[in-house]
Every structure is written in C-alpha cells, then in structure tokens.
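Work through the exercises below with the sequence and the structure side by side. Each task is followed by a solution in steps.

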Amino acid sequence: MFAGVSRTMRFFAKPDRLRGMISFFGGIVLVLIRWPIIGMMCQLYGLIYLFGQFFPIVAQSLENIPVVGEILRMPSIENFFANFGKSSQADRRAPV
C-alpha cells in the first residue's frame, strides 16, 4: 500500500503533527551525538505521537490471525486498543 508523495507530504505537513516530528528527528540527533537511550525514547514518543491512530486499525486487522487474534480479543488488550489513539474525531479511519 503506497500513499504517494502528495498524501505523505499532507500527512506530515499538518500543524498538529509538529510535536511528533520534532521529537522523532530530535531523537535521531540525540542518537548521533551519543545519547542513545534518551534519543531512542524521543524517537519512540515521536512515532507513537505520529502514528498512534493507526494502532487500533492494525489491531483490528490482526484479529483474524489465529493465535494473535485470540490474544487481541482478551478484554484488557481489547480495551487498550479501543482507547489508544483516540482523537476528537468520532469516526475510526486512517489519518492520511
């Protein structure tokens, strides 16, 4: 699945994603100046901030896989993914 250059630029050009981009690329800089643990934590935060809305969609797709689906249907994990990545929008669709 390819989004294309214009959709990718639109995804990253939104002002509400600025915090995620700064923390991700700031984490890369921290790794390069030999602060690897803090840099990787910043990168992880940036990735979760940028792509957190995708996790419930991916979890819903993985529920059809035999072993993984049984794990994802556990009530605690199901509640986690139901609340993870919630935004002000009521509909659940890919943020591209």
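**Exercise 1.** Is S23 buried or exposed?

Before starting, note that this is a predicted model, in which local features need pLDDT of at least 70, side-chain atom pairs count only at pLDDT 80 or more, and totals for chains, interfaces and linings use all residues. Residues are numbered from 1 along each chain as its sequence is written, and side-chain values use heavy atoms, leaving out hydrogens and water.

Step 1. Recall the cut-offs: buried means under 20% relative accessible area, exposed means over 50%, and partly exposed lies in between (1.4 Å probe, protein chains only).
Step 2. The relative accessible area of S23 is 13%, so S23 is buried.
Step 3. Locate the residue: S23 belongs to helix α2. Helices are DSSP runs of H or I with at least four residues, strands are runs of E with at least two, and both are numbered from the N terminus.

**Exercise 2.** Find what S23 touches, then examine Q43.

Step 1. Contact means heavy atoms within 4.5 Å.
Step 2. Not counting residues up to four places away in sequence, S23 touches C42, Q43, Y45 and G46.
Step 3. Q43 is part of helix α3. Its relative accessibility is 18%, so Q43 counts as buried.
Step 4. With neighbours within four places in sequence left aside, Q43 is in contact with S23, F24, G27, I28 and V31.

**Exercise 3.** Describe how α2 and α3 are arranged.

Step 1. Axes are lines fitted to C-alpha atoms, for helices over the stretch in contact, and angles between N-to-C directions run from 0 to 180 degrees.
Step 2. The axes of α2 (residues 18-32) and α3 (residues 36-51) come within 7 Å and cross at roughly 160°.
Step 3. That makes α2 roughly antiparallel to α3. Angles under 35 degrees count as roughly parallel, over 145 as roughly antiparallel, 65 to 115 as roughly perpendicular, and the rest as oblique.
Step 4. The residues of the contact of α2 with α3 divide into 13 nonpolar, six polar and one charged. Here Ala, Val, Leu, Ile, Met, Phe, Trp, Tyr, Cys and Pro count as nonpolar, Asp, Glu, Lys and Arg as charged, and the others, Gly among them, as polar.

**Exercise 4.** Summarise the whole protein.

Step 1. The protein has six helices and zero strands.
Step 2. Of its 96 residues, 17% are buried.
Step 3. Among contacts between residues at least 6 apart in sequence, 49% join residues at least 24 apart.
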